[in-house]
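Here is a short briefing on one protein chain. Keep the sequence and the 3D view open as you read.

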Amino acid sequence: MYVRGPSRASAVVAVTPLAFGELLEVDADGGEETRLTSGEPDAAPAWSPDGREVVFVRGHDLSKPSGDMDLFVVNAAGGTPRRLTHTPQSLETAP
């Protein structure tokens with residue numbers, strides 16, 4: 001699993017070592033990719049203990065000092081991410 005895309009570094013994310021982009025999973029043999037997320041600044045993916053889900057950080061309004069980061073989870077096969085936290089103006093960065 002990896003993050004692909006330009007980092008959206010700003011005043012909010014400058015204090016974190018995260019690179020933001022879309023989350024992708026690739027077969028161990030380097031074959032087919034599965035896009036897990038797109039269109040949002042996502043970072044720091046981590047597998048669930050059973051391997052069925054991926055938890056990650058999603059940024060909101062990262063170009064503004066009032067921006068924040070929340071935790072989301074998505075099925076490892078892809079799908080619609082589900083928000084786990086909603087803490088305005090907070091940086092939740094360690095899933």
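Start with a hairpin: strands β2 and β3 form it, with 6 residues between them. Gly30 sits in the turn and has a positive phi of about 80°. Bear in mind that this is a predicted model.

**The hairpin**
- Strand β2 covers residues 22-26, and strand β3 covers residues 33-35.
- The two strands run antiparallel and are joined by 3 bridges.
- Which residue of β3 does Glu25 face? Glu25 stands opposite Thr34.

**The open sheet**
- Another group of 4 strands forms an open sheet, in the order β4-β5-β6-β7.
- Pairing in this sheet is antiparallel.
- Which strands lie at the edges? They are β4 (42-47) and β7 (82-83), and each pairs on one side only.
- Strand β5 spans residues 53-60, and strand β6 spans residues 68-75.
- β5 and β6 pair over 8 bridges, in the antiparallel sense.
- Val55 has Val73 of β6 standing opposite.

**The nonpolar cores**
- How many residues make up the largest nonpolar core? There are 7: Leu23, Leu36, Val54, Phe56, Phe72, Val74 and Ala76.
- β5 and β6 are the elements that give two or more residues to this core.
- A second core is separate and has 5 residues. Among them are Ala43, Val57, Met69 and Leu71.

**A pattern to look for**
- Side chains in a regular strand alternate between the two faces of the sheet.
- With that in mind, find Val54 and Phe56 in the largest core, then Val57 in the second core.

Terms used: Residues are numbered from 1 along each chain as its sequence is written. This is a predicted model: local features need pLDDT of at least 70, side-chain atom pairs count only at pLDDT 80 or more; totals for chains, interfaces and linings use all residues. Side-chain values use heavy atoms; hydrogens and water are left out. Two strands pair if DSSP finds at least two bridges between them. A nonpolar core is a set of buried Ala, Val, Leu, Ile, Met, Phe, Trp, Tyr and Cys residues joined through side-chain atoms within 4.5 Å. Buried means under 20% relative accessible area, exposed over 50%, partly exposed in between (1.4 Å probe, protein chains only).
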